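Trainee: Could you take me through the place where the two chains meet, and keep to that one part?

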Number of protein chains: 2
Amino acid sequence: MFKINENYLKLPGSYLFSTIAKKVNAYTAANPDKKIIRLGIGDVTLPLAPAVIDALHGAVDEMGKKETFRGYAPDLGYEFLRSAIAEHDYRARGVEIAIDEIFISDGAKSDSGNIGDIFATDNRIAVCDPVYPVYVDTNAMAGRTGDYIAAEERWSNVIYMPCTEENGFAPQLPDEEPDIIYLCFPNNPTGSTVTKPELQKWVDYANRIGAVIIYDAAYEAYISEENIPHSIYECDGAKTCAIEMRSFSKNAGFTGVRLGFTVIPKALRAGDVQLNSLWARRHGTKFNGAPYIVQRAGEAVYSEEGQRQTKEMVAFYMNNAKVIREGLAAAGYSVSGGVNAPYIWLKTPEGMTSWQFFDYLLETVNVVGTPGSGFGPSGEGYFRLTAFGTYENTLEAIERIKKL
Amino acid sequence: MFKINENYLKLPGSYLFSTIAKKVNAYTAANPDKKIIRLGIGDVTLPLAPAVIDALHGAVDEMGKKETFRGYAPDLGYEFLRSAIAEHDYRARGVEIAIDEIFISDGAKSDSGNIGDIFATDNRIAVCDPVYPVYVDTNAMAGRTGDYIAAEERWSNVIYMPCTEENGFAPQLPDEEPDIIYLCFPNNPTGSTVTKPELQKWVDYANRIGAVIIYDAAYEAYISEENIPHSIYECDGAKTCAIEMRSFSKNAGFTGVRLGFTVIPKALRAGDVQLNSLWARRHGTKFNGAPYIVQRAGEAVYSEEGQRQTKEMVAFYMNNAKVIREGLAAAGYSVSGGVNAPYIWLKTPEGMTSWQFFDYLLETVNVVGTPGSGFGPSGEGYFRLTAFGTYENTLEAIERIKKL
């Protein structure tokens, strides 16, 4: 008699963004005449850059001709893409990453969800609170998080590192010792970042206690200030303790195209076992590569034109972020983020929980955001808005909220 | 101190096809003047069908315009594709599958590797022997297979169901009771199939003992004979015991495009838990959809033109299969498969192991195949050739082998 993975049954509710989608769909069905503005999910709205479109058409043509058709991709991804990454994302910032330390994937969500595969079940994880739900949910699925305590909205065996107004939304080194530490900077959902000396503290701490850092740098393209690290490998010693994940979703609008990568330095070891070789085995066994045409699209992001065009896209969204941040501040909201990240994090009005504020915004001004409590217990009383809408919608949403 | 998943260390050698690639690369480096013909890995060589190319170009254009750009796909995949699947792959064969029982993915390899996530670690698996390595390797990674016994080339806690010349390459119901049964028909690697009454026996058996069948139907497009089921759901009662996986790789040449799907009927339950909802949760949490452009390409496979063009591709490869099958038989080899599948399974010459024959063919006639023993202990003494080469190369490879 087969048995299911009972850990799945411990997961509360559904995946956060599925719940939001259901609520919005129900509202829309009941109010078909209302114009909903979605600043909830971190999905982009600008079309792909012309350089990317050209690369896609070119690669599609190749796939239509016998001489240039490509079947299975190399396990780690095409070298042309891994070389471009090593050059532009790392060497250009003074970091040397070998191309066989880079694994091309279908996105950072898959990678951050799947990375747990190569670790034992009895590792203890530490996460920022609030946090991108995928880190915690996938560890819950693996049986690493203990039991869910509904009254406290937290798992019994997770080390939560609160990031609140009180500590400037920066996690502090935890009192209890974790084995695996998830860090995401610029942060989703708070939009905050850490400076290089602050990140160096984490690297030193991980090396000291023998922990591994899963570093999600999906939003690095949005960094506008100096002294904010774009890669954890800018810190000394990070290669012996950190795995870094990147995405093409937010810098180049690939949310519907699907491309990302994970870096696992060969210096990262457990005894004499390289984590790089474990991930290579997983990658080669449970995955069959990102599409050739999509890898060519990724390569185009690094071309001169692609860089210029995608930087314009980022600037466009960051202008939206400014509109939201300044508009909400003017309306009396307490706001953070939106300077080095496409996320704006605000405090809900006095006496309103995150979900109450979600319902309130949806029903009164037809604006969809994301309840902070959906990201963890310390997110309660906060709310996330994203800069990925159109300019017109962003402006209108803020005008509507201002009038409340 | 973090701990790795020690199960990975139990895995013998590297992934089969990585090992083959390394051997071939080494030979090529040492003998750059030799013309290698690859009939090893199941990778296609024909370019994508014109209908698919048109759909890809069209979808790329949509992604380049603000009005038609698409971001994140729906969790389960776009409805246009799931509807086409429900209609063409199931309703047309008298099987009713709801569109929310279909999960679009980046391929059957990922799905067959990831499906273990929703099952407990202490399920006992049964596999055909020989078998597609992904089923066993991914269960080994999850700790379900016991220890690897190198001398016997088998895992201590896997139920092997030998498929050899003696039983016509058809697995028999096992003596020990499995919880999860992997079946793949038309079979990779043997190229054999089962009739509908034979498959019905498996469905009845699984329902009787409470086992779940993971049914890999990636090669169904190659079925040429009557009374061979294209889907396990053609059997009565399969919806309460079977998960089916399909791929666009082999019927439409999508090995480098990446698209597949998994069907989990809502009637498939463990107590009151639907496996469909567990997989939906996994899919929504650890995966972010196949690319929009690729899903449009998949839709085009079901168009009238797409059907005609992809059927021509299958016919082309099946002609190769005939060339191999008849050529080898004429040369005195004992051959099976190649009638309802793109794989030809032959016995190695007297006194030669599978890997010896691999080296022999590579070194004497520069033809690459796949050693049967790479697929499991009962594959020893067999060898797999695939029909996915070009016609010219296939013909030449067989001529070379004939002259041995």
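**The A–B interface**

Mentor: Putting chain A and chain B together buries about 6900 Å², counted as the accessible area (1.4 Å probe) that the two parts lose, summed over both; carbon and sulfur atoms give 59% of that. On chain A's side, 13% of the area buried against chain B comes from Phe2(A), Tyr72(A) and Arg281(A), more than any other three residues supply. Bear in mind that this is a predicted model, where local features need pLDDT of at least 70 and side-chain atom pairs 80 or more, while totals for chains, interfaces and linings use all residues. Residues are numbered from 1 along each chain as its sequence is written, chains are lettered from A and ligands numbered from 1 in written order, and side-chain values use heavy atoms, without hydrogens or water.

By contact (heavy atoms within 4.5 Å), 82 residues of chain A face 82 residues of chain B. Four salt bridges link the chains, each with a Lys or Arg side-chain nitrogen within 4 Å of an Asp or Glu carboxyl oxygen. One of them joins Lys3(A) to Asp179(B), at 4.0 Å from N to O.

Now for what builds chain A's side. Elements giving two or more residues include α1 (7–10), α3 (50–63), α5 (108–114), β11 (269–270) and α9 (292–301) of chain A, but the largest share, seven residues, belongs to α8(A). (Helices, H or I of at least four residues, and strands, E of at least two, are DSSP runs numbered from the N terminus.) By class, chain A's touching side has 39 nonpolar, 23 polar and 20 charged residues.

Technical notes. Nonpolar A, V, L, I, M, F, W, Y, C, P; charged D, E, K, R; others polar.
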